[in-house]
Amino acid sequence: MRWIYKRLIIAFLTIYFAMTFTFIVIKAMPGDPIQALAQQFVRQYYMSYEEALAMARSVAPFVPNGSLLQQYVSYMAKFFRGDLGVSISVSTGTPVTKILADAIPWTVLVVATALVISFGLGTLIGMAMAYKHGSRLDSGLLIFFSILRSMPEYIVAIILLSIFGFQLGWFPVRGRYDYQALEALHQGHVLQFIANVLWHATLPILAWVITHIGGWALGMRGSTISVLGEDYIGYAKARGIPERRIITRYVGRNAILPLFTSFMLSIGFMFGGSIIIEYIFSYQGIGLILYQAIENRDWFLMLGAFNLIIIAVVIGALLADLLYGFLDPRVRRGAQTV
Amino acid sequence: MHLLSRYASLVVITLLVVASLSALFAVPVARAQKKVVLYTHGWWQPPPQRRYNPFAPGAIIPGSLVYERLAFWMKMTDEYVPELATSWELKKDQGVVIVHLRKGVYWHDGQPFTCKDVWTTFMIYKAMNRPVWKYISDVKCLDDYTVEFKVKKWAYLLLHYLLFRDGRIVGPYHIYGKFAERIAKGEDPKTVLKDLIKFEPKTIIGTGPFRFVKITPSEVILEKFDKYWAADKVMIDEIVMPYITSNQVGWDYYRAGKLDYDVFMMPPEVMNELLKKPFAMIVKIYDLSGFALVFNFNNKWLQKREVRMAIAYAIDRKKVADAAGAGLFDPVEYPTGLLKLSSDWISDLISAGVLNKYEYNPTKAAQLLESVGFTKKDGKWYTPDGKPFKLTLIAPGGWTDWVSAMQEVANELKAFGIEVELRTPESPSYWSDQWYLGGHYDIAIDFFGAWMIYPWAAFERMWVEVNNRPRTVVQGANFPTELYLPYFKEKVDVKKLVEVLATSFDRKAQREAAMKLAYAANYYLPEYPIAEKRLVIFANKEHFIWPDPSIKPNYMLWQNAAGGHLDALAFMIRIGAVVPNPKYWGVTVTMPPKTITVPKVTTTVKTVVQTKTAPGTASTVTVTKTTTTTSVSVSTVTTTKTVTKTGWGAVAALFIIGLLIGIGIGYVLKRGS
Amino acid sequence: MSYRRQTLRYLIHDWVIVPGKIILRNKKALVGFIIVLGYIVMAAIGPEVTPYPQTYKYPRYIKPTLLKWPPSLEHPLGTDYFGADIWDEIVWGSRTVLIIAFTAGIITTLIGISVGMIAGFVGGRLDAVLMGITDILMTIPGLPLLIVLATIIRTSSPFVIGLMLSINAWTGLARSIRSAVLALKHTEFVEAAQALGLPMWHIVFREIMPNLMSFIAVNFIFATIGAIYGSVGLYFLGILPFTAFNWGIMLNMAYAQAGAHQSLETIHYILAPIGAIVGLQLGLLLFSYAVDELFNPRIRTEIS
């Protein structure tokens, strides 16, 4: 139990210091929100600068002032009371918590589904490749997945959007759902709404899956091959344990363990990476919000989004640690290998 | 090979699940299409979820489609067409402007529109310190349909701000009156504004042709307002405004026929590709702005006129314009800071041949540099004190048109022998004191022309201030304000001349000031205007019938889109110039005439002329809507089209869930075995 | 003299002949090695032998002449929106991309190794502090942090950008190295060395490092791949400061400025940088398959 308490305290400290670091870095950014907003209005609404500035000006009450230290102390104090300040750019004046709470479920939907699919399929395929180690199928898949893994996701996303979204028109090109679907939901057609949401999420999910499945497959392949070479597999076979049981209980379980940590870490990575995917698909999740916040120098929103991801990652890592302890007794002895 | 059999069972289960789920809810969604819907791009960012208060920053303002102005400003002719106002009088002897309001106008919630609403809006603008209050000192209602503005300073721009720029009436008294009353009582405007910004009304209320219906995470929906004062002209039932994050995605929307009217940056290759579509119609207009190279006068070499001129001669404007966007940027003919459409203002200078065209001429550039002591060794220029001549160029990163233009400038200067370094801080940094606005550069890039054909805006930006910072800060303390003009043989104060443009009603005085300023800009080159931007408006001619832009009066309607494409659309709709295509919608419509005239009806405009002032020519020309062709039979015909919305996409989505469920089931089975 | 020659021969044998044989044995790695070598040669001498990609030298959008019949090398990849030769641009851009990638790779690996080694070997309070810092940096989302940092740095030097990209890329490696060191610390040979009183550097560099070499090398390659991926992404979004030639900037220009993905006439402009990026990534990845064998003493002895 004491071990868990210790982990909790470390997690809290990590969150605290990471937040401080982010605060300092964000405060060092050049540019001020009013100018940023005004310039954006000029470019985006094709309006004159004067009009744009008048629009941006009224933001002034929200722009924080005081010395850096004062701002830091007041931000931190408010943060731990659950007050994340208000946004300047997105629905100006709306509490950051509200904006984030509105955005997170959608990013979680996309990221989690993509992660589960790519991890699930990737590891299965990786295992199959390991069993067929050296065959033509194996080397073919190896090259194929290597190429997939080399493709940056923004390129895949653009290609998907262009082909499936516009040329073929199979998938919607923007947003979380159609407004007709929302009406349907209000009339009680829940399934129709869910279908619509999934339909909208398909391309972003696909972009993630295509670029990530290769990594998992290759990782699992390598890990399975090394497990297959272990002595205990041979003993198990010799003892006449059914092959199916060997595959699932002995090989699968041991091969997947090393991937487990990277699985947990990739949650945080994908949250950060969702900036590009959501930007390309106009999918309003936390990534798009964060991108806009940076573009507009929307300090509170930026800090809020950063801190939220930080907390999510720390909690994810904490869970991974605890779970790993359960799954792999070696960890408890401190003899963790890679 | 138990493993493979396991996979086989998984696949079978997956397929089964997909099939059953598809049967469950992949039924085609039948949608009766009986409305005429126009799609136009509304937002570059996800629209703010609930910002219905038009005074709040980041509010949802769907242009004149929802909120109207006192008068609409025809950009090309500098004329005002009545909208919420019907006429106005400038009474100089009494120091007031009287505006007569239209009767029979309703807010979208059914309340009648009266003078009180104008008063409310202007009082709140007062607290917000909007520019119109530079010229007026008070506003009051003479009766329900007559507003009196007390003038603080008579200026040519007064009407422009009063009727158009700040003339958008967005604050109905029955909603915002309480704030206006507080401001009128003399409460600290800041506290009132703070409360006002926090205020969130139930919905958006305007007086325009369209009523705000709702906002979703991906679009804004408007529908026709039946009690609109010109409702008989409006034949569009619904407007959907999706948000589109980038030009590139916008092009895709066009090609898919998913947008009916919009403005996007578009390279010629993309445009040609698009024009292959049968529905594509493209109108090119002037953006009324362009980009210029801005010299930093803190650099002791750039202070010299000869050096600035040499740089101007060393750059091929055509190439730079093409780099920024072939077909989208026209190189300027005479670098004066004025737009092409404003060239009438300086026609005397042009015909007198005193303006320098700065045509690409490296030899001349070299001579100029040598004349101030620069030397060229091994193809590189050295300053008179023997150091390499080195310049830092900056451009806002992410604004790819400007970045490629600056890249080309850098290329040409390098080829000429000047060492250059191009920096591209991302745009919020660029427009901050750390970079451009703080004067941290040698040559920067900035807008010129400033979205107005009347020369004041262009010269205000060039000589006085940019983004509310004086030019002396942005371009260094040595930025000249008093200049000797050889052609006019006099020394002028440029700031005073700009002020003349702002205030004088005298066409002759305006013209003279404009010519002197243009000449000064051309002679001294405080900045070097390179190219003027064109806007490409895309319209879908299969869905709607649009005014033919090749006819001049019609073109004027399109040109209004510069600086507000939604306003231009709203104007075209409300004068009946845009109608649904009967072939596509199956509705009967009265076709608009081929040449859309915004007919000039003699409205009573009394300008009490003061002794010296010439009649404020342009400002008094007023126009109202015609009373012809009112027999518009917009019978909302019900063409019930069954649209299969959930197609392959849904099936694929289902496949993914199916796969997930399949994996789940497979796992459970595996555990069971 | 002969002693020196002997050493040289051993060195050549150890570092050239044996790795060469291993790479030759592994076809995938061979392909990867050739690709990467090609890129390095291109970056090293390419800009010296190819003409400077001057804009408006040729007409815009000439189709790739390699794909024509008969193929020619006049404009192998065609010309771009600005009338510059795309092949020349790719060549000139390779230097910046490779400098950024390898700077980031080397710095990431160096920091990762030192932090991991020190934390694992010294242990105690220092270990706790170092791992604390690692954890903190690890939790901050990488891409958004880079976007923010990119606004702060005021230079376009590829070395600085490489440095920036490694800001929190090293954390994973440091953690892994630390646990590996912890595991190795208790092996017989390290314990024996400690009992013998051998100096620490000896233990670290002679006993522990060789066991981790393949792991480190693989991580170096992955850090390099990650840096290419990250830098091109940031250039693509238009966030990193502009440098004259860079594939990421080409991609950005082709996508945002020229809309080259919209038409078959212009698609070669966007495919060229994509191909260059994917090719380099693939080469590095394929090469990494042989790294394990390169440092595996069993295979090495088998070969020699």
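Author: A nonpolar core is a set of buried Ala, Val, Leu, Ile, Met, Phe, Trp, Tyr and Cys residues joined through C-beta atoms within 7 Å. The model discussed here is predicted.

Reader: Which residues have the most contacts inside the largest nonpolar core, and how many residues does that core have?

Author: In soluble globular proteins, nonpolar side chains tend to be buried together. Here the largest nonpolar core has 394 residues, and the ones with the most contacts inside it are A:Met302, A:Ala305, B:Ile124, B:Met406, B:Leu517 and B:Ile537. The element giving the most to this core is helix α9 of chain A, residues 190-228, with 16 residues.

Reader: Take B:Met406. What is B:Met406 in contact with, leaving aside its neighbours within four places in sequence?

Author: With those neighbours set aside, the contacts of B:Met406 are B:Leu393, B:Ala395, B:Leu422 and B:Ile445.

Reader: What does the secondary structure of chain A come to?

Author: Chain A has 14 helices and 0 strands. Of its 338 residues, 50% are buried. Among contacts in chain A between residues at least 6 apart in sequence, 72% join residues at least 24 apart.

Reader: How many helices and strands are there in chain B?

Author: Chain B has 22 helices and 26 strands. Buried residues account for 53% of the 673 residues of chain B. For contacts in chain B between residues at least 6 apart in sequence, the share joining residues at least 24 apart is 73%.

Reader: Which domains does the domain assignment give for chain B?

Author: The assignment gives domain 1 (2-31 + 648-672), domain 2 (48-247 + 566-589) and domain 3 (284-534).

Reader: How many residues of domain 2 of chain B are in contact with domain 3 of chain B?

Author: In chain B, 7 residues of domain 2 are in contact with 10 residues of domain 3. On the domain 2 side of this contact there are 5 nonpolar, no polar and 2 charged residues. The centres of these two domains, taken over C-alpha atoms, are 37 Å apart.

Reader: Which residues are buried in helix α18 of chain B?

Author: An α-helix has 3.6 residues a turn, so residues three or four places apart point the same way. In helix α18 of chain B (residues 552-559), the buried residues are B:Asn554, B:Leu557, B:Trp558 and B:Gln559. They pack against β12 (280-295), β23 (527-540) and α19 (565-574) of chain B.

Reader: At what angle do helix α3 of chain C and helix α7 of chain C pack?

Author: Two packed helices are described by the angle between their axes and the distance between the axes. For α3 (residues 86-122) and α7 (residues 170-185) of chain C, the angle is about 35° and the axes are 7 Å apart. The crossing of α3(C) past α7(C) is right-handed. Residues of α3(C) that meet α7(C) include C:Ile111, C:Val115 and C:Phe121, and among those on the α7(C) side are C:Trp170, C:Leu173 and C:Val181. By class, the residues of this contact are 12 nonpolar, 6 polar and 2 charged.

Notes: Residues numbered from 1 in each chain as written. Chains lettered and ligands numbered in written order. Predicted model: local features only at pLDDT ≥ 70, side-chain atom pairs only at ≥ 80, totals over all residues. Domains from an automatic or database assignment. Contact = placed C-beta atoms within 7 Å. Nonpolar A, V, L, I, M, F, W, Y, C, P; charged D, E, K, R; others polar. Helix = DSSP H or I, 4+ residues; strand = E, 2+ residues; numbered from the N terminus. Buried ≥ 20, exposed ≤ 12 C-beta atoms within 10 Å, placed from the backbone. Axes fitted to C-alpha atoms, helices over the stretch in contact; angles between N-to-C directions. Left-handed = near helix turned anticlockwise from the far one by under 90°.
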